[in-house]
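User: I am new to this structure and would like to learn how its features are read. Could you guide me through them in order?

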Amino acid sequence: MSTPARKRELGRGERVLPGLWRLRLPLPWPGVPHGNAWAIAAGDGIVVVDCGLREPGSLAHLERALAMVNLRLDLVRLLVVTHAHTDHYGQAATIVAHTGCSLWMHPNHRHLSERARDPELWLEQRLEIARQSGVPAEMLRRYLERRGNGGGTGVAGWIEPNRHLVDVVVVPTDLGDWEVIETPGHAPSHVCLYQRERRLLISGDHLLGRVSLYFDYGYTPDPAGEFLHSLDRIEDLDARLCIPGHGRTFTDVAAHIHANRRLVAERVQRVLDAVSVDALTAVEIVPHVHGQEITPLTAQWWLSETLCYLQHLEMTGRVRRTVDDPDLPERWAAV
């Protein structure tokens with residue numbers, strides 16, 4: 001008997017604090033049923049932080065979520081994007097076109113802009129990384145079939161930010177100024193926003209209620225190391241309420257920071273233990289990290305994460321690449 005398909009969610013809005021609203025937007029991904037945008041009162045309008053994936057009907061979900069808290073799309077004066085991933089940036093072009101608002105985002109957004117501008121070239125680059133990492137041809141074929149059935153890039157269109165979100169910038173709202181904290185790791189473009197007087201942290205995907213690690217591979221020298229440094233920066237803030245990119249708000253911010261550090265340390269050690277026995281491809285290392293074989297569903301996520309751990313170990317002088325034959329996948333061995 002087949003399992004019934006999960007019913008897709010609808011956009012929903014709810015007040016978190018006076019002047020701050022959560023806009024919960026549906027996502028089509030297994031295990032990630034929705035993401036958050038946030039609306040913050042600002043003068044005669046609102047600042048919206050993140051805006052969801054672009055897919056058929058997605059703007060209606062955003063408008064529905066806004067209407068549930070007595071807000072409207074035409075009140076958006078500024079769109080702030082915590083990082084250039086499709087589920088946070090995807091509807092940006094549509095919102096700017098509808099409202100004329102400004103868009104602010106970190107300038108290191110190549111990991112999405114290249115994909116949005118030339119998705120076929122981006123895909124070929126990703127496939128080449130997969131081949132070099134030892135992903136079997138049959139798994140790549142099945143991945144491409146799944147991707148083809150899904151269709152689209154998740155981005156309405158690429159537009160450049162009007163202002164770059166870097167450490168010196170603040171976002172003014174009725175709740176006070178939000179300081180930009182650059183937090184690369186999960187993505188090169190990632191930033192958090194901190195309201196110091198109220199100790200409120202808009203964390204994007206840097207901190208989530210459920211510890212979940214992902215790093216963009218191939219755009220910076222050491223994403224895992226950058227993530228750990230970014231955790232240090234956020235810990236120093238002593239935030240009392242975390243406002244994340246997925247899931248509900250939470251208060252035990254320090255405990256979540258420690259849990260992320262522990263999980264990174266555990267997975268880095270598993271990689272090191274695996275290559276200490278024999279030289280392995282990245283695909284062969286994935287089961288040592290996650291305890292399960294890689295599948296077409298998990299390939300992109302788990303492979304990127306594992307490659308970033310290998311890159312971190314290489315940067316710190318603990319592993320090396322071995323390429324005996326350029327036509328074969330590269331292998332990794334302990335130093």
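**Strands, salt bridges and a helix contact**

Analyst: Strand 2 (residues 20-29) and strand 3 run antiparallel and are joined by 8 bridges. Two strands pair if DSSP finds at least two bridges between them. Helices (H or I, at least four residues) and strands (E, at least two) are DSSP runs, numbered from the N terminus. The model is predicted, so local features need pLDDT of at least 70 and side-chain atom pairs count only at pLDDT 80 or more, while totals for chains, interfaces and linings use all residues. Residues are numbered from 1 along each chain as its sequence is written, and side-chain values use heavy atoms, with hydrogens and water left out.

User: Which residue of strand 3 stands opposite R24?

Analyst: In a regular strand, side chains alternate between the two faces of the sheet. Here, R24 stands opposite N36 in strand 3. The hairpin of strand 2 and strand 3 has 2 residues between the strands, and G31 takes a positive phi near 80° there.

User: How many bridges pair strand 3 with strand 4?

Analyst: Strand 3 and strand 4 pair over 5 bridges, in the antiparallel sense. I40 has V47 in strand 4 as its bridge partner. These two strands also form a hairpin, with 2 residues between them, and G43 in the turn has a positive phi of about 65°.

User: Is strand 3 mostly covered or mostly exposed?

Analyst: Buried means under 20% relative accessible area, exposed means over 50%, and partly exposed lies in between (1.4 Å probe, protein chains only). Strand 3 is mostly covered, with 9 of its 11 residues buried.

User: How many salt bridges are found in the whole structure?

Analyst: Side chains of opposite charge can pair when their charged atoms come close. A salt bridge is a side-chain nitrogen of Lys or Arg within 4 Å of a carboxyl oxygen of Asp or Glu. A search of the whole structure finds 20 salt bridges. One of them joins the side chains of D44 and R77, at 3.2 Å from N to O. Because D44 lies in the loop between strand 3 (32-42) and strand 4 (45-49), and R77 in strand 5 (residues 76-80), the pair ties together parts that are 33 residues apart in sequence. D44 is exposed at a relative accessible area of 61%, and R77 is partly exposed at 37%.

User: Which residue forms a salt bridge with R199?

Analyst: The partner of R199 is D238, with the closest N and O atoms 3.5 Å apart. R199 lies in the loop between strand 10 (191-195) and strand 11 (200-204), and D238 in the loop between helix 7 (223-235) and strand 12 (241-244), so the pair ties together parts 39 residues apart in sequence.

User: At what angle do helix 9 and helix 10 pack?

Analyst: Axes are lines fitted to C-alpha atoms, for helices over the stretch in contact, and angles run from 0 to 180 degrees between N-to-C directions. Helix 9 (residues 282-290) and helix 10 (residues 299-315) pack at an angle of about 95°, with their axes 9 Å apart.
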